[in-house]
Amino acid sequence: MGQFYLPVNLDKRQYLFAHEYGSGLQLMEHSWIGNSFVGTVAGNLIPGGLWYRSRIVWAGAYMDEGLFLDEFPEVDCKMTLFHFASRDKNTPFEKIRPVIPDGPCAQYLVNHTKGEFVDVATIVDTEDNWAIHPLPLLTCSGNGRGGGDFPNENPYLGTWAGNRISMQYDTPDGMREISPDFKE
């Protein structure tokens, strides 16, 4: 079965739904540079943006039960964050539909928790002009458990899940640049 994903803001208790942006719910259906869904999430991580420096998880339907849910006492321990956030009633999470803020795209994807960043401008398109955006893959939880997931091994996959993330215009001071090199 294919696994569906939601980008979830743990601090604001909000999530976005890919179908509302014309994208598929499986990870590799929407994890591309230039995709409006990923672009909306990234655009709202800029300074002054709705999700700036928030704890972000790209929550998969098959991720570990209870993971990231310890601050929600009403959670049934047999739930995943994906199911808890997206259930129809009795959830503290709100589905939102923000737009991409006006202005230029920010170049640097920053993890404030780990002191790391990725220069998104250095990601080279493949010969088919498709480049994987690192945001969903770095913050995903549950990859490898369903169809449509990222198919290759990568030591950076999911290592930013639940961390404080932003997009910045200037090179972050005092942080280590990483090159996750997600290639399908």
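In the predicted model, strand S7 (residues 140–141) pairs with strand S3 in the parallel sense over two bridges. Within this pairing, Ala 59 stands opposite Ser 141 of S7. S3 also pairs with S1 in the antiparallel sense, over five bridges, and Pro 7 stands opposite Trp 58 of S3. An antiparallel pairing over three bridges links S3 to S8, with Ser 54 opposite Ile 165 of S8.

Seven of the seven residues of S3 are buried, and the strand is therefore largely enclosed by the rest of the structure. Both of its faces are covered: Ser 54, Ile 56, Trp 58 and Gly 60 are buried on one side, and Arg 55, Val 57 and Ala 59 on the other.

The largest nonpolar core comprises 33 residues, and those with the most contacts inside it are Leu 27, Leu 45, Trp 58, Leu 109, Leu 135 and Met 167. Two or more residues are given to this core by each of H1 (27–30), H2 (36–43), S3 (54–60), H4 (134–139) and S8 (163–168). H2 supplies the largest share, four residues. Apart from this core lies another, of 16 residues, including Ala 61, Met 63, Phe 72 and Met 79. Beyond four places away in sequence, Leu 45 touches Trp 51, Tyr 52, Ile 56, Leu 135, Ile 165, Ser 166 and Met 167.

Helix H2 is mostly covered, with six of its eight residues buried, namely Phe 37, Val 38, Thr 40, Val 41, Ala 42 and Gly 43. These buried residues pack against S1 (5–9), H1, S3, H4 and S8. The N-terminal end of H2 is capped by Asn 35, a side-chain oxygen of which lies 2.8 Å from the backbone nitrogen of Phe 37.

Notes: Residues numbered from 1 in each chain as written. Predicted model: local features only at pLDDT ≥ 70, side-chain atom pairs only at ≥ 80, totals over all residues. Heavy atoms only, no water. Core = buried A, V, L, I, M, F, W, Y, C linked by side-chain atoms within 4.5 Å. Buried < 20%, exposed > 50% of the residue type's maximum accessible area, 1.4 Å probe, protein only. Contact = heavy atoms within 4.5 Å. Polar contact = N/O pair within 3.5 Å; in protein donor to acceptor, adjacent residues only side chain to side chain. Pairing = 2+ DSSP bridges.
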